[in-house]
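Visitor: I have a structure open and would like to learn how to read its features. Could you take me through it?

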Amino acid sequence: MGDLTENFSRSEFFCRCGAEGIDLALVEVLQKVRDAVGPMRINSAFRCPPCNNEVGGSESSSHLIGKAVDLHCDNSLKRYKLISNLIAQGICRIGIRSDFLHCDIDVENKSRDVVWVYPTHSKQP
């Protein structure tokens with residue numbers, strides 16, 4: 001059981017240094033997706049500037065303001081289910097890499113309705 005939603009705990013969204021800052025609206029959307037697809041593993045959520053820099057994240061990363069997560073995803077069926085449900089829940093910014101999906105709700109600062117694919121050796125979003 002989670003302490004933020006039925007299935008998500010606050011600690012899943014911490015920066016790896018322990019800093020907090022996830023947007024609860026994003027967590028609520030992710031819970032709805034989780035209800036539809038089953039358990040999900042979060043690779044990365046909120047990032048403080050030093051940790052974002054350390055992983056090669058963009059200087060304008062939505063992770064810095066707690067409006068993005070990277071979800072572990074390593075097969076095409078799971079990728080399809082996650083993307084379909086993310087879009088159904090209103091997530092309109094999705095990045096695809098072979099081992100994770102980036103999704104964010106940072107539509108005030110970034111373009112809406114975009115799906116992109118990361119090059120094999122790219123920086124983190």
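Visitor: Let me begin with Ser62: is Ser62 buried or exposed?

Guide: Burial is judged from relative accessible area: under 20% is buried, over 50% is exposed, and in between is partly exposed, using a 1.4 Å probe and protein chains only. Ser62 has a relative accessible area of 2%, so it is buried. Keep in mind that this is a predicted model, where local features need pLDDT of at least 70 and side-chain atom pairs count only at pLDDT 80 or more, while totals for chains, interfaces and linings use all residues. Residues are numbered from 1 along each chain as its sequence is written, and side-chain values use heavy atoms, with hydrogens and water left out.

Visitor: Where is the place of Ser62?

Guide: Helices (H or I, at least four residues) and strands (E, at least two) are DSSP runs, numbered from the N terminus. Ser62 sits in the loop between α2 (49-54) and β2 (68-72).

Visitor: Which residues does Ser62 touch, not counting those up to four places away in sequence?

Guide: A contact means heavy atoms within 4.5 Å. With those neighbours set aside, Ser62 touches Lys67, Ala68, Asp104, Asp106 and Lys110. The side chains of Ser62 and Lys110 are joined by a polar contact of 3.1 Å.

Visitor: What else is Lys110 in contact with, leaving aside its neighbours within four places in sequence?

Guide: The list for Lys110 is Ser60, Ser61, Ser62 and Arg93. A polar atom of the Lys110 side chain lies 2.6 Å from the backbone oxygen of Ser60. Ser60 and Lys110 are 50 residues apart along the chain, and their C-alpha atoms are separated by 9.5 Å. Lys110 itself belongs to the loop between β4 (100-104) and β5 (114-117), and counts as partly exposed because its relative accessibility is 24%.

Visitor: How many aromatic pairs does the count come to?

Guide: Rings of Phe, Tyr and Trp (its six-membered ring) pair if their centres lie within 6.5 Å; planes under 30 degrees apart count as stacked, over 60 as edge-to-face and the rest as tilted. By that rule there are 3 aromatic pairs. One of them joins Phe8 and Phe13, whose ring centres are 5.6 Å apart with planes at 65 degrees, so this pair is edge-to-face. Phe8 is buried at 2% relative accessibility, and Phe13 is buried at 1%.

Another pair is Phe100 and Tyr118, with centres 5.8 Å apart and planes at 45 degrees, so it is tilted. Phe100 lies in strand β4 and Tyr118 in the segment after β5, so this pair ties together parts that are 18 residues apart in sequence. Both Phe100 and Tyr118 are buried. Together with Trp116, Phe100 and Tyr118 form one aromatic cluster.

Visitor: How many disulfides does a search of the whole structure find?

Guide: A disulfide is a pair of cysteine sulfur atoms within 2.5 Å. The search finds 0. For Cys17, the nearest cysteine sulfur is that of Cys15, 3.6 Å away. The sulfur of Cys48 is 3.6 Å from its closest cysteine sulfur, in Cys51, which is too far for a bond.

Visitor: Which residues does Arg16 touch, not counting those up to four places away in sequence?

Guide: Arg16 touches Cys51, Glu54 and Val55. The side chains of Arg16 and Glu54 are joined by a polar contact of 2.9 Å. Arg16 is in the segment before α1 (24-37), and is exposed at 57% relative accessibility.

Visitor: What pattern does the protein follow along the sequence?

Guide: The pattern reads α-β-α-β-α-β-β-β, with 3 helices and 5 strands.

Conventions
A polar contact is a pair of N or O atoms within 3.5 Å; within protein, one must be able to donate a hydrogen and the other to accept it, and residues adjacent in sequence count only if both atoms are side-chain atoms.
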